[in-house]
Amino acid sequence: MIELLKGSMSKSILFQEKRKVQERILAKVPIRYWSVRDEETEILFDRNLDVKVSYSMNISLGGVFLVTKEELPVESLIRLHLFLPSQPFLSTLARVLWTDVQGAGVCFVGMKPKEVESLKEYLTQLKEL
């Protein structure tokens, strides 16, 4: 039993060391999102797409906690449109890392440098408030 606990603890510590930790900021950012198949065959935005509207509970440069009533499959890809005050919207892919009854923790995938800068500016403004 002790060996089993030690093994589990080692894996947990190892996972935490590999995981990038970004400062999370409480913020209610409006978000549109929809599922995509994968990065190469992403579904184009059109009228037939099942677009959902929600908001963030917290956000960082690495990802966002998306409040949602539906359960998103872990490891699935979604397209996000984050509506920041400084621009029409920021568009990025995100991978679902985990879910709970309130929503899903997602990490941004392949965000363009311009979008990273916009998000960085927004987060800096929030921290100064």
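## Lysine 120 and helix 2

Lysine 120 lies in helix 2 of this predicted model. With a relative accessibility of 36%, lysine 120 counts as partly exposed. Its C-alpha atom is 6.7 Å from that of leucine 61, although 59 residues separate lysine 120 and leucine 61 along the chain.

Helix 2 covers residues 113-128, 16 residues in total. From first C-alpha to last the helix reaches 23 Å, close to the 22 Å expected at 1.5 Å a residue.

Which residues of helix 2 are buried? They are Glu115, Ser118, Leu119, Tyr122 and Leu123. Viewed down the axis of helix 2, these buried residues fall within an arc of 130°, so they line one face of the helix.

Leaving aside residues up to four places away in sequence, serine 118 touches Leu84, Gln87 and Leu90.

## Overall arrangement

The chain contains two helices and seven strands. Read from the N terminus, the order of elements is α-β-β-β-β-β-β-β-α.

Of the 129 residues, 36% count as buried. Among contacts in the chain with a separation of 6 or more, 58% are between residues 24 or more positions apart. The chain exposes about 9,000 Å², and carbon and sulfur atoms supply 56% of that area.

## Nonpolar cores

The largest nonpolar core has 23 residues, of which Ile78, Leu80, Leu82, Val106 and Leu119 touch the most other members. At least two residues of this core come from each of strand 2 (30-36), strand 4 (63-67), strand 5 (77-82), strand 6, strand 7 and helix 2. A second, separate core has five residues, among them Trp34, Val36, Leu77 and Leu93. In soluble globular proteins, nonpolar side chains tend to be buried together.

Valine 106 belongs to the largest core. What does valine 106 touch, not counting residues up to four places away in sequence? The list is Gly62, Gly63, Val64, Ile78, Leu80, Ala94, Arg95, Val96 and Leu97. Two of these, Ile78 and Leu80, are also named among the core members that touch the most others.

## Valine 67 in strand 4

Valine 67 is placed in strand 4 and, at 15% relative accessibility, counts as buried. Not counting residues up to four places away in sequence, valine 67 touches Ser54, Tyr55, Ser56, Met57, Gln102 and Gly103.

## Aromatic pairs

How many aromatic pairs does a search of the whole structure find? There are two. Phenylalanine 65 and tryptophan 98 form a tilted pair, with 5.4 Å from centre to centre and 35° between the planes. This pair links distant parts of the chain, with phenylalanine 65 in strand 4 and tryptophan 98 in strand 6, 33 residues apart. Phenylalanine 65 is buried at 5% relative accessibility, whereas tryptophan 98 is partly exposed at 39% relative accessible area.

Phenylalanine 83 and phenylalanine 89 also form a tilted pair, 5.8 Å centre to centre and with 55° between the planes. Phenylalanine 83 is partly exposed, with a relative accessible area of 28%. Phenylalanine 89 is likewise partly exposed, with a value of 34%.

## Backbone at glutamate 75

Glutamate 75 sits in the loop between strand 4 and strand 5. Its phi is near 80°, a positive value in a residue other than glycine. Most residues other than glycine have a negative phi. At 48% relative accessibility, glutamate 75 counts as partly exposed.

Methods. Residues numbered from 1 in each chain as written. Predicted model: local features only at pLDDT ≥ 70, side-chain atom pairs only at ≥ 80, totals over all residues. Heavy atoms only, no water. Helix = DSSP H or I, 4+ residues; strand = E, 2+ residues; numbered from the N terminus. Expected span 1.5 Å × (residues − 1). Buried < 20%, exposed > 50% of the residue type's maximum accessible area, 1.4 Å probe, protein only. Arc of directions from axis to C-beta. Contact = heavy atoms within 4.5 Å. Areas by Shrake-Rupley, 256 points an atom, 1.4 Å probe, with all protein chains shown as cover. Core = buried A, V, L, I, M, F, W, Y, C linked by side-chain atoms within 4.5 Å. Phe/Tyr/Trp six-rings, centres within 6.5 Å; stacked < 30°, edge-to-face > 60°.
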